[in-house]
Amino acid sequence: MIQKPQHLLTVEGLTAEYCAQRGRIIAVEDVSFSLDKGETLGVVGESGSGKSTLGLSLIHLVPYPGRIVKGTILLEGQNVLKLGKEKTRDLRGRRISYVFQDPMTSLNPVERIKDHFVELIRTHEPKVTKADAITRARKLFKDVGIQPERIDDYPHQLSGGMRQRVMIALALALDPSIVIADEPTTALDVIVQAKILDLLKSLQNRYGMALMLITHDLSIVLERSDKIIVMYAGRIVEQAPSSTLYTHTQHPYSQGLLKSIPNIELEEQKLTAIGGSPPDLLHPPIGCQFWPRCQYIMEICKIKEPPLFKTGIDHLVRCHLYAGETSG
Amino acid sequence: MNGDRIIRVEHLKKYFPVEKGFLERLLTRTRNYVKAVDDVSFSVLKGEVFTLAGESGCGKSTTGKLIVRLIPPTSGKIYFNETDITKLQKEQLRITRRRLQIIFQDPYASLNPRMKIGQSVGHPLEIHGIAKGSEKRKKVLEILERVGLVPPEQFMNLYPYQLSGGQRQRIAMARSLILRPEFIVADEPVSMIDVSLRTTIIDLMLDLRKELELTYLFITHDLAIAKYISDRVAVMYLGKIVEMGSKQEIFTNPTHPYTQALLSAIPVPTPERKKKTLELKGEVSSAINIPPGCRFNPRCSYSTDKCKKTEPELIETTKGHFVACYKAEA
């Protein structure tokens with residue numbers, strides 16, 4: 001195995017599937033990317049594009065009946081998928097932590113907020129006393145902008161935005177090197193959303209962790225990430241630094257997405273929709289997954305699935321239109 | 001748009017009583033109310049898209065439900081084509097409902113899972129005694145085709161679970177349109193639909209508006225969509241309209257501090273966040289204990305003593321642009 005110590009996280013050929021009763025669904029197919037310290041990676045896709053399964057794979061937590069079929073996930077040179085039970089537990093929370101979409105259901109309603117912290121910290125660091133864990137929780141509360149006294153509250157006493165701040169504080173409690181935020185603001189109002197995203201950015205600047213921001217909202221990832229992965233039907237269809245993705249949008253799906261979202265800063269805007277709907281993953285199309293909705297369709301698209309072509313520095317596109325470029 | 005008012009709402013209020021525990025009920029006499037809609041007045045002109053925008057809990061959906069009389073108002077008047085509909089009873093209300101329809105946010109919950117699409121869409125025709133049998137079938141096929149579900153015969157016999165979110169929302173539209181209404185309340189119709197399909201639904205709504213001469217009350221939390229679809233916009237905060245005006249006025253010349261903050265928080269699909277989110281203190285106050293004076297004052301950076309004492313009225317600052325803020329009056 002070739003190790004690439006220069007990256008904090010290297011994912012190679014990751015494939016994950018769900019074996020449902022009606023058949024096998026490949027939720028994530030042959031995904032490769034890397035993530036560095038302090039970097040923000042935006043993963044954007046619609047429901048069913050595999051973005052959440054990708055996030056869960058990184059902490060080896062794909063729910064049953066899903067499983068990771070192949071691929072490697074190297075965190076600081078160590079394959080996450082080969083870790084034993086104990087080490088995997090240590091991975092989750094301490095090295096990679098996860099902020100889930102719904103702050104209403106991710107907290108235990110019958111436990112005080114501080115008990116969540118005590119449990120989390122002492123599970124991973126048994127030597128820490130309860131009092132020390134609470135002190136740490138208070139400090140984290142200050143970091144995420146909640147009054148430290150509120151750690152005595154129950155989850156229902158906090159608003160949605162505060163609960164999401166609590167989730168972020170919990171994610172930071174063990175000083176992880178990567179935070180995965182899966183739709184962290186989808187359940188929240190825009191003003192709270194902007195505050196939470198600003199908070200994540202400032203915490204990232206302070207603690208230097210890498211952030212993987214998973215969302216369906218292209219506006220958010222464009223604004224907030226260094227580089228972006230666009231997913232469609234379990235595949236990466238385009239991968240580029242966010243400025244490149246914006247100025248040189250290449251995949252017809254990414255182009256379609258950009259044209260279909262309203263931009264509040266534009267005076268007059270004509271939105272064009274992508275026709276059709278995402279494929280049924282139980283019966284995916286042959287060839288390129290996007291061809292039934294693509295306006296540049298060619299004969300080859302219906303026969304052969306395109307590989308990721310390298311069209312520029314750090315720019316990968318899964319589309320036959322770019323077949324002249326080197327295959328990445 | 002010919003300037004006729006199709007809907008006129010005057011001083012509309014909806015207070016929901018707060019349930020109390022047994023002991024509390026014995027010990028205190030005062031009742032608390034959630035003031036979901038607290039004195040709202042506006043008109044919707046024939047043929048326009050009028051948007052109620054605001055964050056969760058601002059009362060926008062309650063206002064929509066009040067207008068189609070799904071819930072009775074606490075006080076205030078709603079005029080539909082200049083007829084007061086707040087007092088209508090059973091039979092009259094049923095007849096009026098043919099002309100006033102609503103589309104809900106969640107297409108997964110708004111369709112009966114045990115009814116085939118054909119039955120769901122044709123049901124209103126039976127309820128209103130408009131058509132039966134083959135005539136009903138003909139009307140259903142026609143409307144399904146109109147909302148872009150082709151070939152319609154194929155959809156007739158499907159169940160909702162066999163359809164995607166976007167298709168279900170088209171069904172919900174077909175069901176409300178089959179009665180040929182004049183006015184439709186669309187309550188967050190695209191917020192649960194995938195991004196790539198949202199535009200198709202919005203464009204369908206706008207096309208149908210022309211074809212069928214519809215008027216929409218569009219309810220959304222998403223100001224970017226509001227900007228795309230609306231003719232006029234009203235921004236609500238804690239049960240009240242704080243700013244109202246033409247789309248151009250609201251988006252190029254936002255005057256109320258809340259509207260300004262809301263606009264600054266919207267993500268823009270460009271790399272690098274250029275604008276800075278305007279700082280708003282704290283969170284939305286409780287609709288049970290609305291702060292005295294201007295209800296926005298605890299979060300406002302321009303708050304003065306006057307704001308803490310008396311509530312500003314919604315006044316016209318320039319033609320057609322209404323703002324409820326003392327700063328705008330000065």
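What follows covers the interface, then the pocket, then the salt bridge.

A word on the ground rules: this is a predicted model, so local features need pLDDT of at least 70 and side-chain atom pairs count only at pLDDT 80 or more, while totals for chains, interfaces and linings use all residues. Residues are numbered from 1 along each chain as its sequence is written, chains are lettered from A and ligands numbered from 1 in the order in which they are written, and side-chain values use heavy atoms, with hydrogens and water left out.

**The interface**

On the chain B side, 38 residues are in contact with 41 residues of chain A (contact means heavy atoms within 4.5 Å). About 3,500 Å² is buried between the chains, with carbon and sulfur atoms giving 58% of that; buried area is the accessible area (1.4 Å probe) that two parts lose on being put together, summed over both. Val195(B), Ser196(B) and Pro269(B) supply 18% of what chain B buries against chain A, more than any other three residues.

How many salt bridges are there between chain B and chain A? The count is zero, where a salt bridge is a side-chain nitrogen of Lys or Arg within 4 Å of a carboxyl oxygen of Asp or Glu. Four helices of chain B each put at least two residues on the side touching chain A: helix 8 (195-212), helix 9 (223-229), helix 10 (247-252) and helix 11 (257-264). Helix 8 of chain B gives the most, with seven residues. (Helices are DSSP runs of H or I, at least four residues, and strands are runs of E, at least two, numbered from the N terminus.)

**The second largest pocket**

This pocket holds about 640 Å³ of space and is lined by 22 residues, with Gly93(A), Tyr98(A), Phe100(A), Leu120(A) and Leu170(A) nearest its centre. Helix 3 of chain A gives the most to the lining, with five residues.

Here are the two surfaces by residue class.

**One salt bridge**

Over all chains, the structure holds 32 salt bridges. One of them joins Glu46(A) to Arg293(A), with the closest N and O atoms 4.0 Å apart. Glu46(A) sits in the loop between strand 3 (40-44) and helix 1 (51-58) of chain A, and Arg293(A) in the loop between helix 9 (252-260) and strand 11 (309-312) of chain A, so the pair ties together parts 247 residues apart in sequence.

Notes: 1 Å grid on protein atoms, 1.4 Å probe; cavity = no way out; pocket = protein on both sides within 12 Å on 5 of 7 lines; lining within 4 Å. Points joined across faces, edges and corners; volume = space filled by probe spheres on them.
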